[in-house]
Amino acid sequence: MCGRYTITVTLEELIAKYYIREHPLIQYAPRFNVAPMQPVPAVIHDGEQNRLGELRWGLLPSWSKEDKNAAKLINARSESLLEKASFKGLIASRRCVIPADGFYDWKVYDGGKQPMRITLRDGQLFSLAGLYDIWSGPDGTRISTCTIITTAPNRLMADIHDRMPVILDPDGETQWLERSNRDIPALMKLLQPYDAEQMLAYPVSAAVGNVRNDYRELIHRAGTERGPDTLF
């Protein structure tokens, strides 16, 4: 499961990474504890170019009769995407990426749980594979929502949790976003665990467990006043 993540870069960095040509009309600020049912930055391809906008995290299928249960669809298991009614119709044309520079998970040990932040070793921004949908209510309300795809854990994550979000490498990111790409088998092959050698994890404060907390100190290594430069 991926239930919290961070996106601490500037808007300019997002625009540069995804080659956004038109200035995005979103209310963006760095986030240190993104939680389900919140609006999140997301990138889609419109057939001509990448676009950066906001989607609500927690997929609400377009065929749903009402806006409920979206909080249960924050993640989609890669292994069953083609079997689930909520997801199988989205793979061909409603793919997105969720920019992130870290995500949180909780490592269970005797006596409790330790929140961990997982990042790339170089600290760079990365792309989480996602799907999106657009729901229209009877009163004309339109809600655009998304889910983050998860896969089996790599060696690093296996010590923390039995699932991890799908992180796309640059080539996979391009293939996933390309609107004209309808090669479902090839797209499904992209949904693999990321190379553990390129990732690291470190303990953080239990304060990340409260969704109301969203400040820079949350990404600091637990027990220090310094940030991720103290990583092991």
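Start by selecting Arg 31 and Asp 214: their side chains make a polar contact at 2.7 Å. (A polar contact is a pair of N or O atoms within 3.5 Å; within protein, one must be able to donate a hydrogen and the other to accept it, and residues adjacent in sequence count only if both atoms are side-chain atoms.) Before you click on, note that this is a predicted model, where local features need pLDDT of at least 70 and side-chain atom pairs count only at pLDDT 80 or more, while totals for chains, interfaces and linings use all residues. Residues are numbered from 1 along each chain as its sequence is written, and side-chain values use heavy atoms, with hydrogens and water left out.

Arg 31 sits in strand S2, residues 31-34 (strands are DSSP E runs of at least two residues, helices H or I runs of at least four, numbered from the N terminus). Leaving out residues up to four places away in sequence, Arg 31 also touches Thr 6, Ile 7, Thr 8 and Pro 39, among others; touching here means heavy atoms within 4.5 Å.

Next, the cavity. Select Ile 44, His 45, Ser 93, Arg 94, Arg 95, Tyr 132, Trp 176, Leu 177, Glu 178 and Arg 179, which line the largest cavity. (On a 1 Å grid over the protein atoms alone, a cavity is a set of points where a 1.4 Å probe fits but cannot get out, and lining residues have an atom within 4 Å of a point.) Its volume, the space filled by probe spheres set on the points, is about 50 Å³. Strand S3 (39-45) and helix H3 (170-177) each supply at least two lining residues. Colour the lining by type and you get four nonpolar, two polar and four charged residues.

Now show the cysteines. How many disulfides are there? The count is zero, taking a disulfide as a pair of cysteine sulfur atoms within 2.5 Å. For Cys 2, the nearest cysteine sulfur is that of Cys 146, 11 Å away. For Cys 96, the nearest is also that of Cys 146, at 5.3 Å. Cys 2 is buried, at 0% relative accessibility, and Cys 96 is buried with a relative accessible area of 0% (buried means under 20% relative accessible area, with a 1.4 Å probe and protein chains only).

Last stop: Leu 200, in strand S13, residues 199-203. Leu 200 is buried, with a relative accessible area of 6%.

Technical notes. On a 1 Å grid over the protein atoms alone, a cavity is a set of points where a 1.4 Å probe fits but cannot get out, and a pocket is an open set with protein on both sides within 12 Å along at least five of seven lines; lining residues have an atom within 4 Å of a point. Ala, Val, Leu, Ile, Met, Phe, Trp, Tyr, Cys and Pro count as nonpolar, Asp, Glu, Lys and Arg as charged, and the others, Gly among them, as polar. Buried means under 20% relative accessible area, exposed over 50%, partly exposed in between (1.4 Å probe, protein chains only).
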